[in-house]
Amino acid sequence: MKKVALITGATSGIGEATACMFASNGYDLIITGRRSDRLKTLKNKLENDTTRVLDLCFDVRSEEEVKQALSQLPKDWKIIDVLVNNAGLAAGLESFDTGSSDDWNRMIDTNMKGLLYVSYEVAQIMKENKTKGHIVNIGSIAGKEVYPNGNVYCASKHAVDALSKGMRMDLLKHNIKVTQICPGAVETEFSLVRFHNDADRAKSVYEGYEALVASDIADCIWFAVSRPPHVNINDMIVMPAAQASSSVFFKSNS
Ligand code: NDP
Ligand code: 8X3
């Protein structure tokens with residue numbers, strides 16, 4: 001039987017590249033996100049005689065929407081082998097004392113609570129299947145270090161770091177592997193979202209050096225998932241060669 005991967009945040013960036021990677025390696029896909037037009041476009045691109053694609057449009061921040069979408073999957077999709085918890089965002093890059101609680105809530109609700117809601121539902125499916133499963137959480141270098149003005153985003157990704165460790169311990173008895181992948185700077189829509197659609201500011205984040213691209217991270221996810229059954233990659237930090245830490249870059253324009 002073909003394997004199934006569920007990828008959250010498949011409408012853009014790392015999630016979209018990961019969906020393409022899994023499709024090219026023979027997986028059927030459940031792709032999720034809030035932008036249904038983009039989900040449909042990706043489904044049309046990846047679906048063919050041998051690859052099935054199910055698009056599910058929901059907001060990971062809503063426990064009710066997540067439960068509704070995942071607890072009522074058609075029977076032939078209730079066989080999730082791999083979950084990639086990728087949906088996430090930064091909102092703002094502000095000193096703590098001038099930050100916005102709207103931004104804080106978006107980050108905490110998406111990066112922490114969304115990951116929890118989705119993982120809980122998928123863990124029930126993996127437990128019912130009684131075979132094995134693999135959950136890949138997309139953390140960040142911001143989950144390993146804190147940088148100025150990164151406050152709540154860093155906290156939310158430190159939470160993903162802690163949850164990845166906790167889930168790995170608690171799901172071990174159910175034969176479910178848990179991997180965390182922690183990227184440095186990847187050129188996606190991430191900075192556009194962070195800077196509230198300020199395209200010039202977003203572009204400047206990636207100037208003067210070669211940032212990672214989404215497919216670099218999809219490669220790492222695929223590497224982790226394609227190890228033999230007795231091997232688990234617990235944690236992987238992946239940076240552009242021009243980046244040494246969250247705030248140390250070698251840029252040609254500085
Ligand atoms: P993008 O902005 O390109 O993609 C983010 C994805 O998350 C989109 O598909 C978006 O879908 C989805 N998403 C955001 N909020 C929600 C929500 N409430 N419900 C459902 N889906 C949601 O950014 P990246 O691809 O770069 O980001 C992917 C992950 O990688 C994030 O967790 C990010 O924190 C992490 N990361 C990114 C780095 C980078 O430098 N780019 C570095 C380190 C980690 P939609 O809007 O359609 O809902
Ligand atoms: C995204 C990378 O350094 O902007 O998680 O926080 S960083």
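## The pocket and ligand 1

Ligand 1 sits in the largest pocket. Here a pocket is an open set of points on a 1 Å grid over the protein atoms alone, with protein on both sides within 12 Å along at least five of seven lines, and a molecule sits in one if more than half of its atoms lie within 2 Å of its grid points. This is a predicted model, where local features need pLDDT of at least 70 and side-chain atom pairs count only at pLDDT 80 or more, while totals for chains, interfaces and linings use all residues. Residues are numbered from 1 along each chain as its sequence is written, chains are lettered from A and ligands numbered from 1 in the order in which they are written, and side-chain values use heavy atoms, with hydrogens and water left out.

Nonpolar covers Ala, Val, Leu, Ile, Met, Phe, Trp, Tyr, Cys and Pro, charged covers Asp, Glu, Lys and Arg, and the others, Gly among them, are polar.

## Polar contacts of ligand 1

A polar contact is a pair of N or O atoms within 3.5 Å. The side chain of aspartate 59 has an N or O atom 2.8 Å from a nitrogen atom of ligand 1. For asparagine 86, a polar backbone atom is 2.8 Å from an oxygen atom of the ligand, and tyrosine 153 brings a polar side-chain atom to 2.7 Å from an oxygen atom of ligand 1. On its own, ligand 1 has 870 Å² of accessible area (Shrake-Rupley method, 1.4 Å probe), and the protein covers 96% of that.

## Ligand 2

Ligand 2 also sits in the largest pocket. Around it are Ser140, Ile141, Ala142, Tyr147, Tyr153, Phe190 and Arg194, which divide into five nonpolar, one polar and one charged.

Taken alone, ligand 2 exposes 240 Å², and the protein buries 83% of that.

Conventions. A polar contact is a pair of N or O atoms within 3.5 Å; within protein, one must be able to donate a hydrogen and the other to accept it, and residues adjacent in sequence count only if both atoms are side-chain atoms. On a 1 Å grid over the protein atoms alone, a cavity is a set of points where a 1.4 Å probe fits but cannot get out, and a pocket is an open set with protein on both sides within 12 Å along at least five of seven lines; lining residues have an atom within 4 Å of a point. A residue is near a molecule or strand if one of its heavy atoms lies within 4 Å of it.
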